[in-house]
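Student: I would like to learn how to read a structure one feature at a time. Could we start with a single residue and work outwards?

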Amino acid sequence: MTAKQLGICMIAHRGYSAKYLQNTELAFRMAAKHGSGGAETDIRMTNDGILVCSHDDKAVFEDGTELIVADSSFNQLTAKPLKNRLTDDKLYLCTFRRYLEVMKENAMICFVELKGSFNDEQLKAVFDMVREVYDLSKCILQSFDFDNLVRTHGMIPDLPIMFTYGSGESGYERCFDYGFSIDADYKIATPEMVKQFHERGLEFGVWTANNDEAFDKCKALGVDYIESDFYGGND
């Protein structure tokens, strides 16, 4: 059976990043076309306060030059196309607002990971934008930094939150004290872990399933979300 038939929501990791430049509007749009139920992104803030989608701290451009996102203005960061080895498209840094608009247009779930340091005022600005453009219930905050999740939860208690959990992490049970869901490395996820979260009415996501063996394991676990660079909702 496909993930969709099993009731699993496929999340495109940084958009449909296997075929299109990650974290760009094109990657998000093509994720929707590919059948993904959501798209994960990473956001940073420019030095003039614009939220943009970028996993790395640097933007790398077509001409080989680079700029530190946090030290540059939005105009500087969008003056040239990004380096793109996957397609012939001229692509530019995508704003978080545009990401949210694409997600809303396609009724997709937003997995949002904050990159860099965000103070309380900046956190509020991020999720005020989510409320303005889309829907807070459609946006899930993710982070490896548990304290960051706790701090955000204290400010915005109705925000869905997932603890990003990898092989170097420990103590996922603390999620239960706060009502946090989890997004775990599929290699360490077990049926017992999934059961523990589901028994408490919490969701379980896994990352990043990029081959058939990994994808089949994730489906067999009975998770709620699978992140992938390759697979969509029709797989």
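Student: Is T24 buried or exposed?

Tutor: Residues are called buried under 20% relative accessible area, exposed over 50% and partly exposed in between, using a 1.4 Å probe and protein chains only. T24 has a relative accessibility of 1%, so it counts as buried. This is a predicted model, in which local features need pLDDT of at least 70 and side-chain atom pairs count only at pLDDT 80 or more, while totals for chains, interfaces and linings use all residues. Residues are numbered from 1 along each chain as its sequence is written, and side-chain values use heavy atoms, with hydrogens and water left out.

Student: Where is T24 placed, and what is it in contact with?

Tutor: Helices (H or I, at least four residues) and strands (E, at least two) are DSSP runs, numbered from the N terminus. T24 sits in the loop between strand 1 and helix 1. Contact means heavy atoms within 4.5 Å. Setting aside neighbours within four places in sequence, T24 is in contact with L82, L91, Y92 and C94.

Student: Which residues of helix 1 are buried?

Tutor: The general idea comes first. An α-helix has 3.6 residues a turn, so residues three or four places apart point the same way. In helix 1, residues 25-34, the buried ones are A27, F28, M30, A31 and A32. Among the elements that cover them are strand 1 (9-13), strand 2 (38-45), strand 3 (51-53) and helix 3 (96-105).

Student: What comes just after helix 1?

Tutor: G35 comes there, with a positive phi of about 100°. S36 is found in the loop between helix 1 and strand 2. S36 has a relative accessible area of 7% and is therefore buried.

Student: How far apart are S36 and G232 in sequence and in space?

Tutor: They are 196 residues apart in sequence, and 4.6 Å apart in space from C-alpha to C-alpha. G232 is also one of the contacts of S36 beyond four places in sequence, a list that includes M10, A12, A31, M108, Y231 and G233.

Student: Which residues other than glycine have a positive phi?

Tutor: Most residues other than glycine have a negative phi, and most peptide bonds are trans. R14 is one case here, with phi near 60°. R14 lies in the loop between strand 1 and helix 1, and its relative accessible area of 16% is why it is classed as buried. A107 is another case, with a positive phi of about 50°. A107 lies in the loop between helix 3 and strand 6 (109-114), and its relative accessible area is 62%, so it is exposed.

Student: Which residues does a cis peptide bond join?

Tutor: W207 and T208 are joined by one, with omega of about -25°. T208 belongs to the loop between strand 10 (204-207) and helix 8 (212-221).

Student: How many residues does the largest nonpolar core have?

Tutor: In soluble globular proteins, nonpolar side chains tend to be buried together. A nonpolar core is a set of buried Ala, Val, Leu, Ile, Met, Phe, Trp, Tyr and Cys residues joined through side-chain atoms within 4.5 Å. The largest one here has 66 residues, and I43, F96, Y99, M103, F127, F204 and I226 have the most contacts inside it. Helix 4 (residues 120-133) gives the most to this core, with 6 residues. Another core lies apart from it, with 9 residues, among them L21, A59, L82 and L91.

Student: How much space lies in the largest pocket?

Tutor: Rolling a probe the size of a water molecule over the atoms shows where empty space is left. On a 1 Å grid over the protein atoms alone, where a 1.4 Å probe fits, a pocket is an open set of points with protein on both sides within 12 Å along at least five of seven lines; lining residues have an atom within 4 Å of a point. The largest pocket holds about 410 Å³, a volume being the space filled by probe spheres set on the points, which are joined across faces, edges and corners. Of its 17 lining residues, L21, Q22, D56, V60 and K83 are the closest to its centre. Strand 4 (residues 58-60) supplies the largest share of the lining, 3 residues.
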